[in-house]
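Q: I have a structure open and would like to read it one part at a time. Please keep the answers plain.

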Amino acid sequence: MRTLTKIDGDSSRARRELHDHIQGSGPLSRHTVDSHGQRQAGAPSFHESAEKHVTGKAAYIDDLKAPSDALHVALGLSPVAHGTLTAMDLEAVRQASGVVDVITFHDVPGHTDIGPVFPGDPIFVDQEISYAGQCLFAVAATSLQAARRAVTLAKLSFDEQPASLDPVIAAERNEVVRPTHVQQRGDWHAALSQAEQTIEGELFVGGQEHFYLEGQACLVLPTEDEGVIVHTSNQHPSETQKLVAEVLDIPFHAVIVEVRRMGGGFGGKETQASPWACVAAIIARRTGKATRLRLPRSDDMRATGKRHPFHNRYQLAVDTQGVIQGGDITVIGDCGYSPDLSDAIVDRAMFHADNAYSLGSARVTGHRAKTHTASNTAFRGFGGPQGMMIIEAAMDDIARKIGEDPLTIRKRNFYRKGRDVTHYGQQVDQKQLLHTLVETLEKSSGYWARREAIKSFNTNSPIIKKGLALTPVKFGISFTAQHLNQAGALLHVYTDGSILINHGGTEMGQGLHTKICQVVARELGLDLDSVRISATRTDKVPNTSPTAASSGADLNGMAARDAASKLRERLFDFAAMHFEGGLDREGMRLENGMLIAGIAESERRIPWGELVQTAYLNRISLSENGFYATPLIHYNRATGQGRPFYYYAFGAAVAEVSVDTLSGEYLVDRVDVLHDVGNSLNPAIDIGQVEGGFIQGMGWLTSEELKWNTKGALVSDSPATYKIPTFGDLPPIFNVELLEGHPNSMASLYRSKAVGEPPFMLGICVWSALRDALSSLTDYRVSPHLDTPATPERVMLAANAIRDKSL
């Protein structure tokens, strides 16, 4: 095994070779402590599976060994988006070579509706078809090729109906998957009617494909009784356990769901990994054979939901300084054909329609439009990014109307003393931190000097225009469904002193397992090498919440800490009474693999291994459960008021772009990021999360365009037609730093803050910088309309439109 010193040397050489190509501090995220460091929580440590990742030893679902007679499943998907299935002749499918079983809606032994929160998601089509890509039947064969060939032999007849694809029209007709919700504070009518001036606008915010590297996949093994063991790439094992049990009509305890790691999730495997496990489980129980199901990329993209596209509009009252006095904001989420998680997602868009700014007396309305597309679902940010977009658009629009720099307008509207309560009634804590963070980034990025340089450049450059924007992020941390804010952990200490920890969170590459191991190591005064984590399993920690809402470390880390601290205190009590001469219980601690008691001459040191062995011989339990429930949070949907978030995470980013205003092509020249993670649990992993979140957010707003044809079929269903950011899209200067010296004001895990989702919204600065560049065509007097994703085509059309408007 290569030493860390050798890796550091290679890393240094690589950075020198790339010096002329990639500037900035991005590569610092790879720095970790040397082999002599303790690598506990708070230290920068490499990912617990890093070596397995880079050597190919990390096992994903398709790497798991299955019995030689295992079956492979292919799905028959609807080619039409809306209508009725009038006939389905599957006789040729059943007779095809290699086919062992074929199942439809009528072969489901238990529940046929697998809606995660609200009903509306049939496991198979019975008669009514709701989107192109909906599952009609499943074929199990001795090989995947045989199953896929057999699917093509189905004889299907449909009564096709026109598809409803416009969420705005659907909302106007009250075609919704859930009731409309309103949050309101103060007299917004009076604010608008008495305004010194009003400003209004609208914006389409596109959706996004999850494009996880590992697609939807599962392997189901029947057990000797009525149950199944489900290996799945899945963010919510407990929900999959529940749904599989209900579909099979068996008790929950008969289903074991295991998740070691995912090759990416981003929310796409929170609810939408369950249907495939349910299908495979039915076949496994019917045939008594292990059953493997993995969706080909095009089927995956057509059958599963995306980030919700949104249509947003605003009307705001502002004073002569551009400070918002109140207003009315409406967000319309395109939910697809069923509720899925859309109620909570549109709620979160509403919660974040203010981003970092006080709206004054305001109303925010959220519609959940029903369309004939796959049911849209969770995606990093969970509606928050779509909600933020409308107020960030408004900030730019106000700046052009007032004649001030957009950053000046943003800072004037920040939450501050006297204006620190949101439109849903929560007081913003650490509000001064937002000001401090932005001012720090403003200086470190040289914002104002670059602003003057860009204005000078644009004056002398008729075609290529540069843009600059600094945008903030205020993101609420907690599940907005209160009951999900809980977690459990199971800790075992073995007689050689090694430790095994299990918890309810899942690992999708974000480093959650690494942080949990670091927490246990810190609590027990050990090096990280002493702690190992096992796969997430529903028979170890039950009734778990999904790994989502940026809560993985917050919840599961606190549960693991609870288990470790309870075990530590038990060992302290035992040691104080057992060891000869007695040990001073007060001040006892675990450090560097030692139990330390007393001070100076009276200090006693007992090695960890000796302590554990002695405790075992004296019949002291070396296993412990941990549990945590987030305090304080509540929300009253009837009044639209409450405290849905335990705390807020903050961040800010500056983007500089160059735009060819004739072709619409552009480059992101430089990005500077400063992000608030409180006391970081692992700076190396956290910086990586900020980098990745930013690039993914930038892709959502620039290159990732979802397209459906007029009949409702997804046409951007492969890497050839759907473009995620690549290495070449990285800004050549990419400076990423964590804000230091500002611990979380709430009693979170070691005063850290969540880092999974908040960085995603930092990418908004790229879109705002593009608008800034376009606005320079009118000497910054007009704010361009630019829907997302801001593809070169859209940028070109926006440039043409703003030129026409300025004539």
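Q: Which strands does helix H15 lie across?
A: Helix H15 (residues 512-524) lies across strand E17 (486-493), E18 and E19, and runs at about 130 degrees to E18. Helices (H or I, at least four residues) and strands (E, at least two) are DSSP runs, numbered from the N terminus. Axes are lines fitted to C-alpha atoms, for helices over the stretch in contact, and angles run from 0 to 180 degrees between N-to-C directions.

Q: Where does the model come from?
A: This is a predicted model: local features need pLDDT of at least 70, side-chain atom pairs count only at pLDDT 80 or more, and totals for chains, interfaces and linings use all residues. Residues are numbered from 1 along each chain as its sequence is written, and side-chain values use heavy atoms, with hydrogens and water left out.

Q: Back to those strands. In what order do they form a sheet?
A: The open sheet has 4 strands in the order E19-E18-E17-E24, with mixed pairing. Strands pair if DSSP finds at least two bridges between them. Strand E19 (531-533) and strand E24 (623-629) are at the edges with a single partner strand each, so one side of each has no neighbour in the sheet. On average, neighbouring strands of this sheet are turned by 25 degrees against each other, direction ignored.

Q: Are E18 and E19 parallel or antiparallel?
A: Parallel: strand E18 (residues 499-503) and E19 pair in that sense over 3 bridges. Within this pair, Ile501 stands opposite Ile533 in E19.

Q: What else does Ile501 touch?
A: Not counting residues up to four places away in sequence, the residues that Ile501 touches include Leu490, Ile516, Val520, Val531 and Ala560. Touching is contact, meaning heavy atoms within 4.5 Å.

Q: Which residues touch the most other members of the largest nonpolar core?
A: Ile501, Trp608 and Phe694 do, out of 151 residues in that core. Helix H16 (residues 552-578) supplies the largest share of this core, 12 residues. A second, separate core has 38 residues, among them Ile114, Val244, Val247 and Ala280. A nonpolar core is a set of buried Ala, Val, Leu, Ile, Met, Phe, Trp, Tyr and Cys residues joined through side-chain atoms within 4.5 Å. Buried means under 20% relative accessible area, exposed over 50%, and partly exposed in between (1.4 Å probe, protein chains only).

Q: How many residues of helix H7 are buried?
A: In H7, 11 of its 12 residues are buried, and the helix is mostly covered. Among the buried ones are Pro237, Leu243, Val244, Val247 and Leu248. The cover over the buried residues of H7 includes E10, strand E11 (255-259), helix H8 (274-287) and strand E20 (536-537). Just after H7, Asp249 has a positive phi of about 60 degrees.

Q: You mentioned E10. What joins E9 to E10?
A: A hairpin does, through 5 residues. E9 and strand E10 (residues 228-232) pair in the antiparallel sense over 5 bridges, and Leu221 stands opposite Ile229 in E10. Strand E9 (residues 217-222) also pairs with strand E12 (residues 291-294), in the antiparallel sense over 4 bridges. There, Arg292 in E12 is the bridge partner of Leu219.

Q: Change of topic: what is the order of the strands in the sheet of 5?
A: That open sheet runs E7-E15-E14-E13-E8, with mixed pairing. Strand E7 (181-185) and strand E8 (197-205) are its edges, each with a single partner strand, so one side of each is left without a neighbour in the sheet. Its neighbouring strands are turned by 10 degrees against each other on average, direction ignored.

Q: How many bridges link E13 and E14?
A: There are 9, as strand E13 (residues 310-318) and strand E14 (residues 324-334) pair in the antiparallel sense. Ala317 has Gly326 in E14 as its bridge partner. Helix H10 (residues 342-351) lies across E7, E13, E14 and strand E15 (361-369), at about 155 degrees to E15.

Q: Is Thr330 buried or exposed?
A: Thr330 is in strand E14 and counts as buried, at 8% relative accessibility. Leaving aside neighbours within four places in sequence, Thr330 is in contact with His311, Asn312, Arg313, Thr365 and His367.

Q: And where is Ala652?
A: Ala652 lies in strand E27 (residues 647-660). Ala652 is buried, with a relative accessible area of 0%. The residues it touches, not counting those up to four places away in sequence, include Leu437, Leu470, Val673 and Leu762.
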